Structure formats: C-alpha cells, structure tokens
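Please review the following briefing alongside the sequence and the model.

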Amino acid sequence: MTSSGLAPSGVVLPLPPQPRGDGPARHAQLDALLPPITRALAESAAALDRDAHFPFDNFALLHRHGLIAEVVPRAAGGGGGGLATARRIVGAVAKGESATALVLTMTYLQHRSLVRESTRWPQAQRHAVFESAVRDGALINALRVEPDLGTPARGGLPSTIARRTQTGWRLSGRKLYCTGIPALRWLNVWARTDEAEPRVGVFLVPRPDGSTDSTDSPDRPGIRVVQNWDHLGLRASASHEVVLEDIDLPFGNAVDIRPPNEWAPAGIGQRDNDAHIEQQAWMSVLLGTLYDAVARAGVDWLVTFLNTRVPGNLGAPLATVPRIQETVGEIAALLHVNQRLLDAAAQAADAGEPDDDIASGALKFTVTGNAIRVLELALQLSGNHGLSRNNPLERYHRDVLCSRIHTPQNDTILGAAGRQTLASFREFA
C-alpha cells in the first residue's frame, strides 16, 4: 500500500474516513469507502482460494483505512463502532474475499469482548491489544479446539496445560483450526492449570509481529505452526494447527481463569451472563452477515449470467424464461428475510437489548440456511457454468457450506429451541 491509498491491485481508494463512530456521517463515509474495497479484494480472491494462501495484502489494505480497529473504543484510538457498523464492514469484505472477512470477524469479536465492563482482563493486557490494533492493525483470535476435546462449547477440560512457575505460567498444548494464524499478533489460548483443583480459562500469548509464512517453523520460542489446512472452503483462512511448547508467560497473561463451574451457564453471575448474551448476538450477526454476503456475491454473478446467456434454441437471454424468473424470485425472498433479520438483530444489540441465546441461534440457523439455499438454487439455474472453476459461483458455494461448522452448530441450536418450546407446554398445562 502506498501513501496515496493505492491498493496492491492498483485500485485507488479514498483516504481513511472521518469521523469515526456509529453516526450517519460515518455510515455515509463507509458507503463511499467500502464498494472499492470489495472490488479490490475480489480481484485476488480466486488465486487466494486456489493456492490456499493467506491474504496478507488484504489486511494491509484494511489497516490502511482504519477498519481493523473499528470496534476498538474511541478513547483507545479506535473507531468505537457498534454491531451495525461492524456488520456493514464484514459484509463488504466478505463479498470481496470471504476468508479475510472471517479473520476480521474473529478480531472484531475479541475486541468487543474486551470493551465490556464485565471483562476480567487486566487493564495492561487490554490496552496492549487495543493499542496494537490501532497502531499496526494487529489481529487477535481464540485458540480453543483440540484434537481430543473438540469444541469447548460441548464441554470438557482442555488438554492444553499451564504450569505455574516462579515468574508466571508455562503453557503447552496443541490447537486445531487456528483461523488466521499466519498473521495473528495475539493468541487467546483456552487452557487449564496444573493446580490440585484446576482452573480453566484464557491465557494471552503474544507473538513478535504476528506474521509467518513458513512451514512447520517456530515464529517465536514455543510456537510451531503446522500448515495442514487443506479445506473445501475458506481456503485462504489458513486455519492451521498450532503446537505450543513450554511458552513462558507472566502472571498477568492469565487474563481470565476460573473454576470450571464458573464457565457453565448455571455458574456465571448476571453481569457475565449479560456479556455472554451480547457476545452470542454479535457472533450470530457477524457470521450470518459473512455468509449472507457470500451468497449475495453469487447472486450478482448469477444475474449477470442469466441476462447475458442467450442459448441458440431460445434466441433470448435466460432471464426471460418464466421458470427462471420464479426461482430468482425465491432467491430474492430468502435474501430479503436475511437482511431484515440481521439488521433488526444488530440494531437491538446496539440499543442494549441483544437477542437471547435461543433467538441468536435461530438467527444463525435461518440466515446461514438461507444463504446455502440461495447458492444451491443459483447452481441449479447455471448448470455446468456454475460448477466450473472458471467462474466464482462454485467457490462461493464451497465457502458458504462452512457456515455449518461454526459454534453453535445446528443440532445445538435446534435442541435448545426444542427444549424451551417443550418446557413452555408444561408451564401452561
């Protein structure tokens, strides 16, 4: 990126928008800024997917325009943006390149969790994370999944262990699906202590510059990235495996460790519960926005294809066929529902009234299911053209299928909703 705002692709972009925050002026600035960013990201998306190469240049572009620190409080130099603003940015990024949007989403979620008054993080560690995001565009994500444990959302103690030393903690373990690991500056590692009665929680692991593009090599003592991410979709997210070997951390980097029962829903206090509800709302809206945007990118391609494809036996564009018009109408209806749901949930969260867990789960289930259905219909209409790697639709379809693996998964969402509905019968019987 040059000082003039020239993107790596050669697209000239406006300078970072001002003012910051969530007001109409900020939204107007984003309306001008985001479309050219979407186009710039889209130019390299196919190559990044093909080579499964992490999009370093994309994050340099986003940092150049102050977007990585959008959720950081204004008092810390960030944008102070709420969920509606974060949703707008994630949607524009995802429409251009989905893996970039996923890593950005995870950073936004981590930043938002540190904004809340209920956070237990020491002030020094919070400040370091915020300051690095503003200054360098530093990225942060949680490392939680393990080979034996799976996702912590389904219960169980992690195998990653923090052993107490004279100066702090020594951390060792193995983590899977570490999204964005080549560029992460901060690792929020889920681990347990070696105490007689283990505590569980988050240990903050810093990295020197958050950037390594080597294979199976340590980028700081004790961290080894095993480059084994070879996935159907979101291939550029570089969600590799990470091995942690005797990493020494000061006491303050055990930023939030508690007895296991205090992490269970029945064991957390009201402030923690309120924070959990808001975090779930943010996660459902941003992930829903990401995959909805991927579906919308696919529809953009489809509409162009249907209006320009003129089969010889028809003598007119495919867009003139009533059956095709009806199917495109179904696509439009699904996307309309998504937009109304996502906008309403973002506005509610920003107003201090986020959806509860059941509603947030229903939002994720509905929006991502609609996005998948949209691209399935698009593939039906486009036939071989849509399945060809010469066109982007098959990539969008592969990417949108990844929506099913994010916590909470569909079985958890539907099981919780079903139990609540059945319990309501007993209350009124």
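Predicted model: local features only at pLDDT ≥ 70, side-chain atom pairs only at ≥ 80, totals over all residues.

Residues are numbered from 1 along each chain as its sequence is written, and side-chain values use heavy atoms, with hydrogens and water left out. Helices (H or I, at least four residues) and strands (E, at least two) are DSSP runs numbered from the N terminus.

**Helix α7**

- Helix α7 covers residues 322-350, and its 29 residues should span 42 Å at 1.5 Å a residue, which agrees with end C-alpha atoms 42 Å apart; the expected span is 1.5 Å times one less than the number of residues.
- Buried residues (under 20% relative accessible area, 1.4 Å probe, protein chains only) of α7 include Ile324, Ile331, Leu335, Asn338, Leu342 and Ala349.
- An α-helix has 3.6 residues a turn, so residues three or four places apart point the same way.
- The cover over the buried residues of α7 includes α3 (83-96), α6 (270-308) and α8 (357-382).

**Thr289 in helix α6**

- Thr289 belongs to helix α6 and is buried, with a relative accessible area of 2%.
- A polar atom of the Thr289 side chain lies 2.7 Å from the backbone oxygen of Val285.
- Beyond its neighbours within four places in sequence, Thr289 is in contact (heavy atoms within 4.5 Å) with Arg87, Val90, Gly91 and Leu342.

**Nonpolar cores**

- A nonpolar core is a set of buried Ala, Val, Leu, Ile, Met, Phe, Trp, Tyr and Cys residues joined through side-chain atoms within 4.5 Å.
- The largest such core has 93 residues, and Leu67, Tyr108, Leu171 and Phe203 have the most contacts inside it.
- Helix α6 gives the most to this core, with 16 residues.
- A second, separate core of 15 residues includes Val72, Val129, Val202 and Val255.

- The peptide bond from Thr407 to Pro408 is cis, with omega near -5 degrees; Pro408 lies in the loop between α10 (393-401) and α11 (410-428).
- Tyr177, although not a glycine, has a positive phi of about 55 degrees, and its place is in strand β3 (residues 168-178).
- Leu234, also a residue other than glycine, has a positive phi near 50 degrees.
- Leu234 lies in the loop between β7 (223-226) and β8 (240-250) and is buried, with a relative accessible area of 4%.

Terms used:
Buried < 20%, exposed > 50% of the residue type's maximum accessible area, 1.4 Å probe, protein only. Polar contact = N/O pair within 3.5 Å; in protein donor to acceptor, adjacent residues only side chain to side chain.
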